[in-house]
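Subject: Handing over the two-chain model

Hi there,

Here is the structure I promised to pass on. Have a look first, and my notes follow below.

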Amino acid sequence: QEAAKYEKKVMVLDFVTPTPLGNSWGLGGTCVNVGCIPKKLMHQAALLGQALQDSRKYGWQFTEEVKHNWMTMTESVQNYIGSLNWGYRVSLREKNVTYENAYGEFVGPHTIKATNKRGIEKLYTAERFLIATGERPRYLGIPGDKEYCISSDDLFSLPYCPGKTLVVGASYVALECAGFLAGLGLDVTVMVRSILLRGFDQDIANKIGEYMEEHGINFIRGFVPIKEGTPGRLKVTAKSTTGNQVIEGEYNTVLLAIGRDACTRKIGLDKVGVKINERTGKIPVNDEEQTNVPYIYAVGDILQDKLELTPVAIQAGRLLVQRLYAGATGKCDYLNVPTTVFTPLEYGACGYSEETAVEKFGEENIEVYHSHFWPLEWTVPSRDNNKCYAKIICNIQDKERIIGFHVLGPNAGEITQGFAAAMKCGVTKEQLDSTVGIHPVCAEVCT
Amino acid sequence: GKNEYDLLVIGGGSGGLACAKEAAQFGRKVAVLDYVDPSPQGTKWGLGGTCVNVGCIPKKLMHQAALLGNALKDAQHYGWNISQPVHHTWSVMAQAVQNYVKSLNWGHRVQLQDKKVKYFHMKGSFSDPHTIRGLTKAGKETIVTAENIVIATGGRPKYPTHIAGALEYGITSDDLFWLKESPGKTLPVYCPFILHLSGLIVCISLTDTSPDVSLECAGFLTGIGLDTTVMMRSIPLRGFDQQMASLVTEHMESYGTKFLKRCFPTKVEKLESNRLQVTWKNTDLGTEEGDSFDTVMWAVGRAPDTETLNLETVGVKTNSETGKIIVDASEATSVPHIYAVGDITEGRPELTPTAIAAGKLLARRLFGQSSELMDYDNVPTTVFTPLEYGCVGLSEEAAVQRYGSDNIEVYHAYYKPLEFTVAERDATQCYMKMVCLREREQRILGLHFIGPNAGEVIQGFALGIKCGATYRQLMKTVGIHPTCAEEITKLHITKRSGLDATVTGC
């Protein structure tokens, strides 16, 4: 859309290969269809379940028994997504961007073959190409996985309530899904091979896990599934990662959330000489998002060593086009990109985790300020005293500049955004101390 | 003779307690006097001041109760089956809130004890610049002397005593949060067939010096199902950005709060049914109108609590118009060794965090060899109306006045919180704007946000503005998706361009 502003002739090819269970979706990519958007909406549904319980303490009265209807929620969510798909199609049209619902692959220099749903092929040539094919969930590679397991690609449009669910994985996808499924009243178990939220601050990752356990989610740690079978009710056999122990469990649904693989292996990159990382499938690019082939660029989840986040992809894409067609020089700033994990207790972070800060600067050169807090709104329902937590990591050698910000609590994303902006301005602890808090909100604990 | 205490603080509220506790950290001998004169309706409360007892805390909790009412409605769209009817019971909420407040009163007493600060439950007044006369409820007198004295007695709601019946029949925020029974009859929330005859309350703001109080109260009262009307003589939220103020009231109107604009009451009478008959003048139409209500709540401003301090005896100067104590940048009054912090001081924002910060810094200057003064610039604040409004820095009008409209750039956007989509909630007033200097770097002068969790959104940006954040730096900040706050990092439509500022798509 950015390129079209500069009156370039632009085409977008988008195609969704159906999931093993046959699921597909419209224009918009992962975020809109099977990522951020449906995830946050279902997370909200779960939070509202909690709100219902809290409201009784605040004087609201209604029947004791409150049940959740999966179909009602899923239908509403899918309707909203449908409106976004539609919105994108209209937007592309308005901006004179040609759109084809077809699978694109390189067949030669400057040439792409587009195959639509009915198998009809067309060839297109262009001066420049941008690869932004993203990723899809990984499967375990064990008997029964593709036949019986679902992934996040299927969950958000599942035409039946998942029931008793086993979530395999400890990524943020796994924990977020496990979190809201439990919040909607389902019996949820999370099977974790080793640690939670690899790559995130481990101190906070553990707090998140603890909170989830306290709120009824079962964790099986140190096991991996080795077999899934028997339709109807699924039996999962798992083996310990540290010994020979084997356990079995039965579930209605098994949700795999063990990682995502880049969609780069079947798009003809070898035909044009674009190098990819053979192991991960990701595409290495320079700091201007250019691959090793000068006229081919890449953005988003498929990039090597870059964050898999929607806003990063959007920003990189826009800036790239501005550099190509508007003479701009601004490069995407991948430093201090804030993020939020929407687990039942939300986690917002920006900058270094405590471990990476210690690693990079040395323990004696960093200062960590921290505090537990109790959101005012949780006092009346007497909920979860002392679970919320905030910590700030400062670089002593650089005027106590804030290099890491972490907050665990409600509305973590809303809180973290402003602090991320402040970190972009190089905020120091002293400036933080002299900023007056807004009272009474959770964020003020950080000032 | 030698003074008994190094520091004596009159007033155990946000500012007073913060100052006292900080001073005690330096090993000083500190005492606090706190006393609450009952309201005309007889309401009183414990240690902690306005914020804890009749301000921020109970207000936010009742606001939360109202928000939870919304959540109940939203929940149905998200698949939760809640059978009708849904009721709200005031006494359950009030009891819970009051219990929590009492736990805070207790907590403060324990803290003072832990920090070895002497607490006198007495009303203080000056005998001379270093001597305070404390009086208990029973009339027992205690004389206390101190090297330094800090006045932090805050304020109390005003009554429009010139209006007949105002004092006898009206309540204020001092009373609202302590009512045991509902101020109006509760309407079942989802019953379309019951007529809205009963349960009426009026929040009247005349001079708009406590403008947010009436709107916040009216907001949560409406939210818990009470039929509420706000009567205003002129503009809402005076002193705040007026575009934002009107969006806030617009939302309240669509939310169900009634407004009687450009009206002012002339008398309040009690009817046989025990309801109150209010007569008012409509300045637009020049007519006189009347109606009956269960409760009338005055929110016409707050008056500094200085009357019984005996300030004239020691020569502490006050502002002739407002009655507030005049202080300099170091919180010093016109009399050496006598200081003042918090709502009682002239020209300062009436906010808890500024009182706390000022109190702490004062203690550090007096006893900790610090020279740091309180910075009152760019203090963020939030109005907890049904759709919350958070802001930091200059309003658009103030920026225009200071720099000229040619020298400022205003970026703005109408957005829709993701959570409103499935809930089918109206986001017409969800709006944000950033007021910047127009020159190269475009330093941010003011940020305004209306939407859910406005306080949480604004806090971090306030920090950024303290660091001199510019528009460009904000644009380099990647957004967190999906949140409302990320829209701030995506602001790009200027008012000057005249383009449609509605956010579309992802």
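A word on domains before anything else: their bounds come from an automatic or database domain assignment. On that basis chain A splits into domain 1 (2-137 + 261-326), domain 2 (138-259) and domain 3 (346-446). Chain B likewise has domain 1 (5-156 + 303-368), domain 2 (159-300) and domain 3 (387-497).

Please keep in mind that this is a predicted model, where local features need pLDDT of at least 70 and side-chain atom pairs count only at pLDDT 80 or more, while totals for chains, interfaces and linings use all residues. Residues are numbered from 1 along each chain as its sequence is written, chains are lettered from A and ligands numbered from 1 in the order in which they are written, and side-chain values use heavy atoms, with hydrogens and water left out.

**Between the chains**

Chain B puts 77 residues in contact with 77 residues of chain A, contact meaning heavy atoms within 4.5 Å. Together the two chains bury about 6,800 Å², with 70% of it on carbon and sulfur atoms; buried area is the accessible area (1.4 Å probe) that two parts lose on being put together, summed over both. On the chain B side, B:W80, B:E456 and B:V478 supply 12% of the area buried against chain A, more than any other three residues.

There are 2 salt bridges between chain B and chain A, counted when a side-chain nitrogen of Lys or Arg is within 4 Å of a carboxyl oxygen of Asp or Glu. A:E377 forms a salt bridge with B:K60, with the closest N and O atoms 2.5 Å apart. Helix α3(B) gives the largest share of the side of chain B that touches chain A, 14 residues. By class, that side of chain B has 42 nonpolar, 28 polar and 7 charged residues. In this scheme Ala, Val, Leu, Ile, Met, Phe, Trp, Tyr, Cys and Pro are nonpolar, Asp, Glu, Lys and Arg are charged, and the others, Gly among them, are polar.

B:K60 itself lies in helix α3 (residues 56-77) of chain B; helices (H or I, at least four residues) are DSSP runs, numbered from the N terminus.

**Within chain A**

The C-alpha centres of domain 2 of chain A and domain 3 of chain A lie 30 Å apart. These two domains bury about 1,000 Å² between them, 62% of it on carbon and sulfur atoms. In domain 2 of chain A, A:D201, A:I204 and A:K207 lose the most area to domain 3 of chain A, together 49% of what that side buries. The rule finds 3 salt bridges across this interface. A:D203 forms a salt bridge with A:K391, the closest N and O atoms being 2.9 Å apart.

**Within chain B**

Domain 1 of chain B and domain 3 of chain B bury about 580 Å² between them, with carbon and sulfur atoms giving 44%. B:D74, B:H77 and B:Y78 supply 73% of the area on the domain 1 side, more than any other three residues. B:D74 also forms a salt bridge with B:R425, the closest N and O atoms being 3.1 Å apart.

Best wishes

Definitions and conventions:
Helices (H or I, at least four residues) and strands (E, at least two) are DSSP runs, numbered from the N terminus.
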